[in-house]
Amino acid sequence: MLRWVPAVTLLLFLGPVAAGLVGTWLPAFGVLPALGGTEFSLAPWRRLLAEPGLVTSIRLTLGTGFAAAIVSLALVLAFLAACHGTRPVVAVRRLLAPLLAVPHVAVAIGFAFLASPSGWAARAVSPWLTGWERPPDIATVPDPWGIALVCGLVLKEVPFLLLMTLAALGQVPADRTLAVARSLGYGPATAWFKTVLPLVWPQIRLPVYAVLAYSLSVVDMALVLAPGTPPPLAPRVLRWFSDPDLSRQFVAAAGAGLQFLLVVGAIGLFHGGERLAAFLGRRWIAAGGRGHGERGGRIAATGAMGIVFAVGLLGMLGMAIWSVARRWRWPDVLPSVWSPGNWARQADALAWPGWTTVSVALAAALIAIALVLGCLENEQRTHVTPGSRALWLIYAPLLAPQIGFLFGVQVLLVASGLDGRWAALVWGHLLFVLPYVFLALAGPWRRLDERYARTALCLGASPGRVFWRVKLPMLLRPVLFALAVGFAVSVGEYLPTVFAGGGRYATLTTEAVSLAAGGDRRVIGVYAFLQALLPWLGFTLAIAVPAWLYRRRHGMKAFTA
Amino acid sequence: MSGDGSLVLDGVTVALDGATLIAGLDLAVAPGEIVTVMGPSGSGKSTLLAWLCGAADPAFRIAGRATLDGADITGLPPEARRVGILFQDDLLFPHLSVGGNLAFGLPPGLAGPERRARIEAALEEAELPGFADRDPATLSGGQRARIALMRTLLAAPKALLLDEPFSRLDAALRDRIRCFVFGHATERGLPVLLVTHDPDDARAAGGKVVEIG
């Protein structure tokens, strides 16, 4: 049975992506029998191109997407180059988990609470510095250029890229390489860029592409932070899909097709940029410069990273405070009256979406971990390790824009009568949970010294017993951590819920997005804070349970630290 | 010579990427005998042991036959071979107590009190009575090596393979652990195959020495 797991897993999450792409491209060319489209036509594209402000939407999408990805990458590389092996890296590593755990929507709302005209930032300097007696009438969140969206994306992508780069650094001889380069007279950051970056780049290339693809096609954060007239392409396509005029579905499908092309083109362009950077980089390395003026760069990189973390954590704190604020008048920095009343009043409204969120997330994460464990165990028993190309398959659902294929998935669900069911929702989430769970677990699982398993086998234990009694308990922490990752990913999903839930299921995320358009920050604070709290609880348990279970097993430190 | 308890290798050839590492090795290890295989690293001696316990890396092409106590074990899965192995690291399971590690080696089917008695007896033999509830990480290198041997012996193997098990121990300890391992293995009448690159190991084993590579 085990040997079928990889095939089933691939089918479960690549099948829908492929079918979804087909189910989106056919209507884009007029074919959708359910709505009377039976003939191939270019009309949807003509109507799409005639949409007012389409060029503005595309410009906004490309501008914010590239800016967010490049700023995030530059920040992470500059920081790690400047601070490799020093205390700021240790501090950042420690603060990484809480920021990683927070869903995109909660980050966006937290940032909006900070940066809006009546937000914390303005309050902190008013009126003594600014003279503002009331919140200023300037558009900061959202702003017409999408700067707020770029900031929100950077807050979320910097921790992700940091995590992936730190993991990649752990797998290359970074310290020795740096020591050699520095002994040849290179400054630390210059040495890092010239000798360590080329080692880790192949391992972070796909995560960087995923970040770029995500930034170009983000919907939930854009609904909170991006301008609305017109919005970037992805949220605009969603708007067309949800238009009561069903003939707009064809325009939406063409828009989804365009979104897909934009992402593919952007990744191609980025890849070209990579080649150019590699060419220039080789010349830069060959020129032999040892680097100067690194001190200033180090201060700037550390400072910028500090700001990213401070803004992210302050956003969370802001949401928490708003959720228990009764009266918080401008320009007070803190509420004048505190009360848990917001929570009590929302308790009934929270119960159903809260339950949906938790049950779907648990189901998706558990199914994902079972499939991933099956794949990894099968790989070790058959000694067939998938090559680097398989990694592209795993990244496929993360690289393809969600809006580009989820409509096709919905068509599929409707056709099979599954849409709007709880199981469909779980499946929709599984598409995005699976790759992250795999990425989180594959490394630690493959790194376990195989001689433990061999020893256990030679002691007469069956492969099944070795799995349950040796590998699983030894790798309990990474397994629970991967489970928490899957849970967090599911809690934060917006579009899969919208498309697979058939409008019948609301989660904390979909509720938070629709509330964010309204004005009551106390209610938004409750939803956003709870939405951030759930993944955080998951990660806390994933770390605390093995630490407690193995509190008297010091040898497990290597596996639980 | 069936059923006399010997470990017999018959024309074993080990190749990697077309290069032959071991060519047609014939070897018989009688019960209670210690045969030493010596060779530099990369000579395929560890692969030979991995193949004997059924866990060779499939990258190696290995031909030949192995019989234990008259039965062909070549095609058997590792857990059915009854071949115990010790590596240079003790590989005690870090998530189990010392007693838990020993219990892992003990075959199923024994009643609870009997299991506990067997574990306590093994601890006595390892000169570590009362250590059942200890965390293996709190033991010294020599203590861990003794527990690792006891865990292997509790699984009632019919042969013992030693993959440079003494190389990580410091010199003073090495002699004592060597005596301990060899003593217990010969006392139980096990055929022992030792691979090493340390001539002292071969001298202490006092048996036949086969050079490869």
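Me: What is the bridge partner of B:A15 in β4(B)?
Reply: The partner of B:A15 is B:R61, which lies in β4(B). Please keep in mind that this is a predicted model.

Me: Which strands pair there, and in what sense?
Reply: Strand β1 of chain B, residues 7-16, pairs with strand β4 of chain B, residues 60-68. The pairing is antiparallel and runs over eight bridges.

Me: And how many bridges join β4(B) to β5?
Reply: Two bridges join β4(B) to β5 of chain B (residues 71-72), again in the antiparallel sense. B:L68 has B:A71 in β5(B) as its bridge partner. The two strands form a hairpin with two residues between them. In the turn, B:D69 has a positive phi of about 55°.

Me: Moving on, what is the strand order in the open sheet of five strands?
Reply: In chain B the order is β6-β7-β8-β3-β9, with parallel pairing.

Me: Which strands stand at the edges?
Reply: They are β6 and β9 (209-211) of chain B. Each has a single partner strand, so one side of each has no neighbour in the sheet. On average, neighbouring strands of this sheet are turned by 20° against each other, with direction ignored.

Me: How many bridges link β3 and β8?
Reply: Five bridges link β3 (residues 34-38) and β8 (residues 192-196) of chain B, in the parallel sense. One of the pairs is B:T36 with B:L194 in β8(B).

Me: New topic: how many residues are in contact between chain B and chain A?
Reply: On the chain B side there are 28 residues, in contact with 26 residues of chain A.

Me: What area do the chains bury between them?
Reply: Chain B and chain A bury about 2400 Å², and 67% of that is on carbon and sulfur atoms. The accessible area lost when parts come together is often used to give the size of an interface.

Me: Which side chains meet in a salt bridge?
Reply: Those of A:R451 and B:D89 do, at 2.7 Å from N to O.

Me: Which element gives the most to the side of chain B that touches chain A?
Reply: β6(B) gives the most, with three residues. Residues 83-86 make up β6, and α2 (98-105) and α4 (141-154) of chain B likewise supply at least two residues each.

Me: How do the residues on that side divide?
Reply: They divide into 16 nonpolar, seven polar and five charged residues.

Note on methods: Residues numbered from 1 in each chain as written. Chains lettered and ligands numbered in written order. Predicted model: local features only at pLDDT ≥ 70, side-chain atom pairs only at ≥ 80, totals over all residues. Heavy atoms only, no water. Contact = heavy atoms within 4.5 Å. Buried area = accessible area lost by both parts, 1.4 Å probe. Salt bridge = Lys/Arg side-chain N within 4 Å of Asp/Glu carboxyl O. Helix = DSSP H or I, 4+ residues; strand = E, 2+ residues; numbered from the N terminus. Nonpolar A, V, L, I, M, F, W, Y, C, P; charged D, E, K, R; others polar. Pairing = 2+ DSSP bridges. Axes fitted to C-alpha atoms, helices over the stretch in contact; angles between N-to-C directions.
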